Amino acid sequence: MTLHILLVIFIGILFGYFLAPEILVNNIEFIIDFGLCLLLFFVGIDIGRNGETFNNIKKYGLKILLIPLITVLGTLFGSAIASIFLKLSLFESLAIGSGLGWYSLSAIELSKHSAELGTIAFLANVSREVIALVTIPIIAKKIGYIQTVAVAGAPAMDTLLPVITRATNSSTAILSFFSGVILSMLVPILVPLMMSLN
Amino acid sequence: MAIITVLLVVDVQIIYSQTINSKTEISWEKGEILISATTEIPDDDANLTAVRLKLSEYVDRQLTDVVLKSFYDINFDSLYSLSEAFTIQYICLLFLLFVMGIKIGTNKEVLLSFHQLGLSALVITIFSIIFSLIGIHFISKIFNSTQEREDK
């Protein structure tokens with residue numbers, strides 16, 4: 001699975017770099033939206049088919065909130081430690097980490113402050129998504145299912161949801177979706193908050 | 001949000017039509033619409049289950065009630081593996097990643113800036129991932145025990 005993913009992205013990059021047909025490039029946002037909707041549709045079928053799924057949510061109860069909470073705390077702690085090694089200030093690093101993998105929003109938000117920060121935010125959060133794409137199947141196999149949700153961050157609800165669904169089970173997919181929704185709600189609050197503290 | 005709602009509705013319809021699958025018959029008896037569904041499991045030819053419901057009952061009852069209770073003795077795994085949804089899902093995913101790759105490939109500024117700022121970005125990401133992974137690893141026991149209890 002990991003090999004397929006890497007290969008497809010690599011071919012895509014080569015295709016975009018050398019060929020880049022104009023019709024495709026101009027409509028790329030629409031194609032991505034369409035593909036995403038189609039994907040979520042099939043993930044929905046998957047979740048809906050499993051009759052136990054919604055009972056699982058009830059069984060987890062408030063514990064379900066622990067996953068996004070710990071993910072945010074872990075991410076912020078990690079970003080704070082990273083700032084020691086980098087030229088960035090503590091809160092700049094925290095603001096970049098607060099993107100939680102949602103690269104378009106965090107990059108746009110931070111590029112208001114400086115282009116450099118915006119670019120780092122973009123790259124950091126894109127690489128979070130790419131690293132998650134590559135490592136989720138491995139983490140699911142070697143470490144555990146729930147841990148894949150932590151790696152994914154905010155995209156656990158959309159782009160990475162099919163990857164998590166495929167690598168784990170539908171119970172974890174539901175946890176992943178909830179975690180992703182909560183994290184996505186936190187990103188627009190956390191990023192400006194960190195910059196205001198800077 | 002509207003799109004997701006629409007998709008959820010269509011999802012439910014597909015689950016209906018897949019579970020009460022191709023051998024579904026709709027008939028008209030004594031002024032009532034009847035829905036009869038027969039399902040066969042390929043590797044167990046003795047296992048043949050049929051359900052007959054009035055349309056009004058069919059709509060009244062919840063999806064899970066109708067499906068799970070009526071087909072109680074059917075092995076759902078074999079139905080599941082017959083479905084194409086999983087494969088289509090995977091193809092969609094690969095297609096989406098291909099388009100994402102094209103998007104990165106066409107944005108030459110991003111490709112060039114990877115060298116300059118990529119390292120700081122990577123450091124932040126790797127630390128973020130490692131610490132959230134460690135955090136979740138500590139609490140994962142709570143969730144695993146819930147899942148195990150269900151399995152029992």
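Phe77(A), Phe85(A), Phe127(B) and Phe131(B) come together in one aromatic cluster. The model is predicted, and over all its chains it holds 7 aromatic pairs. A search of the whole structure also finds 3 cavities of 30 Å³ or more.

**A pair that joins two chains**

- The rings of Phe85(A) and Phe127(B) are stacked, because their centres lie 5.6 Å apart and their planes meet at 15°, where planes under 30 degrees apart count as stacked.
- Phe85(A) belongs to helix α5 (residues 66–85) of chain A and Phe127(B) to helix α6 of chain B, so this pair joins two chains.
- Phe85(A) counts as exposed because its relative accessibility is 57%, whereas Phe127(B), at 22%, counts as partly exposed.

**A pair within one helix**

- Phe30(A) and Phe34(A) also form a stacked aromatic pair, with 6.3 Å from centre to centre and 25° between the planes.
- Both residues lie in helix α3 (residues 28–49) of chain A, where Phe30(A) and Phe34(A) are 4 residues apart, about one turn of the helix.
- Phe30(A) has a relative accessibility of 59% and so counts as exposed, while Phe34(A), with a relative accessible area of 47%, is partly exposed.

**The second largest cavity**

- The second largest cavity has a volume of about 40 Å³, and its lining includes Thr75(A), Arg128(A), Ile124(B) and Ser128(B).
- The elements that give two or more residues to this lining are α6 (90–97) and α8 (115–142) of chain A, together with α6 (108–151) of chain B.
- Sorted by class, the lining of this cavity has 3 nonpolar, 5 polar and 1 charged residues.

Note on methods. Residues numbered from 1 in each chain as written. Chains lettered and ligands numbered in written order. Predicted model: local features only at pLDDT ≥ 70, side-chain atom pairs only at ≥ 80, totals over all residues. Heavy atoms only, no water. 1 Å grid on protein atoms, 1.4 Å probe; cavity = no way out; pocket = protein on both sides within 12 Å on 5 of 7 lines; lining within 4 Å. Points joined across faces, edges and corners; volume = space filled by probe spheres on them. Nonpolar A, V, L, I, M, F, W, Y, C, P; charged D, E, K, R; others polar. Phe/Tyr/Trp six-rings, centres within 6.5 Å; stacked < 30°, edge-to-face > 60°. Buried < 20%, exposed > 50% of the residue type's maximum accessible area, 1.4 Å probe, protein only.
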